[in-house]
Amino acid sequence: MKTFRCPHCNRDTITFKAKYLAGLWQVIHCPACRGRLCANPIILAIAYVAYCWALAWFCFSALFQGSLLPLLYLVPVWLGLDFLNIQLIPLARMKPRPGQA
């Protein structure tokens, strides 16, 4: 499975699952150096605008058309946005918590 580079130690140690969780505004830790990481918050906020836009677009299309077909179209669009979220949004270093080395 693909791994991603840790900005702290520059090793490919971040798993796919951890990178996905970072895209959900979670703080993750590098297994090698225990550095705190998150997805870049500015780029992640822009990505979440795209998620909200897609959700609103397809839900209102379903409402106005009186059909559930646009909701079916939402699934591949959402999965595509998730793929872009995981592949393109860089990880950012976080400072250690006070009292931690």
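# Asking the model how it knows

Q: Which residue of strand 4 stands opposite histidine 29?

A: Arginine 36 stands opposite histidine 29. A word on the numbers: this is a predicted model, where local features need pLDDT of at least 70 and side-chain atom pairs count only at pLDDT 80 or more, while totals for chains, interfaces and linings use all residues. Residues are numbered from 1 along each chain as its sequence is written, and side-chain values use heavy atoms, with hydrogens and water left out.

Q: What makes strand 3 and strand 4 a pair?

A: Strands are DSSP runs of E, at least two residues long, and helices are runs of H or I, at least four, both numbered from the N terminus. Two strands pair if DSSP finds at least two bridges between them. Strand 3 (residues 28-29) has two bridges to strand 4, so the pair qualifies, and the two run antiparallel. They also make a hairpin with six residues between them, and arginine 34 in that turn has a positive phi of about 60°.

Q: How many bridges join strand 4 and strand 5?

A: Three, in the antiparallel sense, with strand 5 covering residues 91-93. Leucine 37 has arginine 93 as its bridge partner, and alanine 39 stands opposite leucine 91.

Q: Why are strand 3 and strand 5 called edges?

A: The open sheet has three strands in the order 3-4-5. Strand 3 and strand 5 each have a single partner strand, so one side of each is left without a neighbour in the sheet.

Q: How do you know whether cysteine 30 is buried or exposed?

A: Buried means under 20% relative accessible area, exposed over 50%, and partly exposed in between (1.4 Å probe, protein chains only). Cysteine 30 comes in at 0%, so it is buried. Cysteine 38, at 17%, counts as buried too.

Q: Why is cysteine 30 in no disulfide?

A: A disulfide is a pair of cysteine sulfur atoms within 2.5 Å. The structure holds zero disulfides.

Q: What makes arginine 5 and aspartate 12 a salt bridge?

A: The rule asks for a side-chain nitrogen of Lys or Arg within 4 Å of a carboxyl oxygen of Asp or Glu. Here N to O is 3.7 Å, so the pair passes. The structure holds one salt bridge. Both ends count as partly exposed: arginine 5 at 48% and aspartate 12 at 45%.

Q: Which residues have the most contacts inside the largest nonpolar core?

A: Ile14, Ile28, Leu37 and Leu91, in a core of 14 residues. A nonpolar core is a set of buried Ala, Val, Leu, Ile, Met, Phe, Trp, Tyr and Cys residues joined through side-chain atoms within 4.5 Å. Helix 1 (16-22), strand 4 (36-39) and helix 2 (41-65) each give two or more residues to this core. A second, separate core of five residues includes Ala54, Phe58, Leu74 and Leu81.

Q: How do you know that the length of helix 3 agrees with its residue count?

A: The expected span is 1.5 Å times one less than the number of residues. For the 20 residues of helix 3 (residues 69-88) that should give 28 Å, and the end C-alpha atoms are 29 Å apart, which agrees. Among the buried residues of helix 3 are Leu74, Leu81 and Ile86.
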